[in-house]
Amino acid sequence: MLRMLTAGESHGPELTAILEGMPAGLPLTENDLQDDLARRQKGYGRGGRMSIEKDRARFTAGVMGSQTTGGPIALTITNRDWKNWRDRQIDPFTVPRPGHADLTGAVKYGYRDLRLSLERASARETAARVAVGGVCRRLLAEFGITIGSYVTMIGGETAELDVPSSDEVYQARFASAELSEVRCPAPAASERMRARIKRAFQSKDTLGGVFEVVMLGVPPGLGSHVHFDRKLDGILLGALGSIPSIKGVEIGPAFENAARQGTEVHDAIHRDEQGRLYRATNRAGGLEGGITTGEPIIIRAAMKPISTTINPIQSVDLATGEPAQTVYERSDHCAVPRAAVVGEALAAFVLADALLIKLGGDSLAELKARFADLRRSHIADLPMDNQPWTFGFQDEN
Ligand code: EPS
């Protein structure tokens, strides 16, 4: 239902995004996107570029009178740094940084200058995705769905966090993370992470880490078990994995579950006094069979250290064929706190799409009416048939 396109180079004049498939009648202003754009720019470990940029999205289509029209939404974000580059004599860049798209992009597209790879592969593009995610978040808010994130590890410094017992505890955790320079809700761990980034910077190096994205208020029944490309777990894993430098993603404690026995892992099913089915645990991370259970969806993503390092890494100068060391221009030292905000945006896009697939509807009013039905059907229809039946396919003869 929803399609997102982005365009733009890191040091070009602007980023552009198009979001197709949003229903009409959603109240939406540029200010609605501002908070997330600013959050993506913050965080200890960011580089000098973020003090140049002041990201702000401007709608150029699909929003009239502060409401969506149902047409494609187009928006732009200015690259303030462009004016520092446009008249500049640019030195050829021929020593690829291991880990970046410099080499793979140039080999694939036949570039004679690696700058063409880096311009589009740069994480600058994620500003456009965060703006689109802001639109999706606005839609989700109409249905009581919220998304937050927090960092659990940077450079080996880990925050030991309990599994929250309620949505309110999650919300409090998001709020604490917001106050931390490294987006970590545990103050002591936050300090250790900050110190770890400082040490990495002093030794001219970079760091990666792990963050969690949590989706609250998600109704059961989004996604599907019937086909591989409709399984919501697969779609979410792919979307989060598309964020620059993310090399691993899991749903719930998936890798920990892999080491346990089935009876220790699966969330037992109970029925409350009103006849509602519920789970006391959420080791499934909010998804079973590619379908939402109604529990929080929990995604954890692993980010590798930024590949632009001040201390050089061994490489080859593709202009001469000689061994060479990578050359440093400018970069973040640790982008994990910022990547978490991008993770929220991708989660919002996927979830908004899944909601639209479930509800259909060309206008917000239609969606709302259908959502009311969806909420009613949350109580499982009991009793189910308990008569024996024959499982078989019709024989042609
Ligand atoms: C990036 C390098 C840096 C980052 C950039 C991603 O940019 P520059 O080369 O201009 O210093 O700041 O990220 C952003 C611009 C952003 O908005 O997140 C890279 O090489 O990937």
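Which backbone nitrogen does the side chain of Thr292 reach at 3.0 Å? The points below take this up after a note on the model.

1. Basis. The model is predicted: local features need pLDDT of at least 70, side-chain atom pairs count only at pLDDT 80 or more, and totals for chains, interfaces and linings use all residues. Residues are numbered from 1 along each chain as its sequence is written, and side-chain values use heavy atoms, with hydrogens and water left out.

2. The nitrogen in question belongs to Gly221. The Thr292 side chain also reaches the backbone nitrogen of Leu222, at 2.8 Å. A polar contact here is a pair of N or O atoms within 3.5 Å; within protein, one must be able to donate a hydrogen and the other to accept it, and residues adjacent in sequence count only if both atoms are side-chain atoms.

3. Setting of Thr292. This residue is part of strand β14, residues 291-292. Helices (H or I, at least four residues) and strands (E, at least two) are DSSP runs, numbered from the N terminus. Thr292 is buried because its relative accessibility is 4%; buried means under 20% relative accessible area, exposed over 50%, and partly exposed in between (1.4 Å probe, protein chains only). Apart from neighbours within four places in sequence, its contacts (heavy atoms within 4.5 Å) include Val218, Pro219, Pro220, Leu232 and Ile297.

4. Ligand shell. Around the ligand stand His11, Arg40, Arg49, Met50, Arg97, His100, Ser122, Ala123, Arg124, Arg330, Asp332 and Arg338, where a residue is near a molecule if one of its heavy atoms lies within 4 Å of it. By class, the shell has seven charged, three polar and two nonpolar residues. Ala, Val, Leu, Ile, Met, Phe, Trp, Tyr, Cys and Pro count as nonpolar, Asp, Glu, Lys and Arg as charged, and the others, Gly among them, as polar.

5. An N or O atom in the Arg40 side chain is 2.6 Å from a ligand oxygen. For Arg124, a polar side-chain atom is 2.9 Å from an oxygen of the ligand. With Ala123 the polar atom is in the backbone, 3.2 Å from a ligand oxygen. On its own the ligand has 470 Å² of accessible area, and the protein covers 91% of this; the areas come from the Shrake-Rupley method with a 1.4 Å probe.

6. Five-stranded sheet. The strand order in this open sheet is β8-β7-β9-β15-β10, with antiparallel pairing. Strands β8 (157-158) and β10 (246-251) are at the edges with a single partner strand each, so one side of each has no neighbour in the sheet. Within the sheet, β9 (residues 209-216) and β15 (residues 297-303) pair over seven bridges; two strands pair if DSSP finds at least two bridges between them.

7. Hairpin of β1 and β2. Strands β1 (residues 3-7) and β2 (residues 14-20) are antiparallel and share five bridges. Leu19 in β2 is the bridge partner of Met4. Six residues lie between the strands, and Gly8 has a positive phi near 135°.

8. Most residues other than glycine have a negative phi. Ser66 has a positive phi of about 60° and is in the loop between β4 (63-64) and β5 (67-68); at 40% relative accessibility it counts as partly exposed. Arg183 has phi near 60° and lies in the loop between α6 (167-179) and α7 (187-202). Arg183 is buried, with a relative accessible area of 4%.
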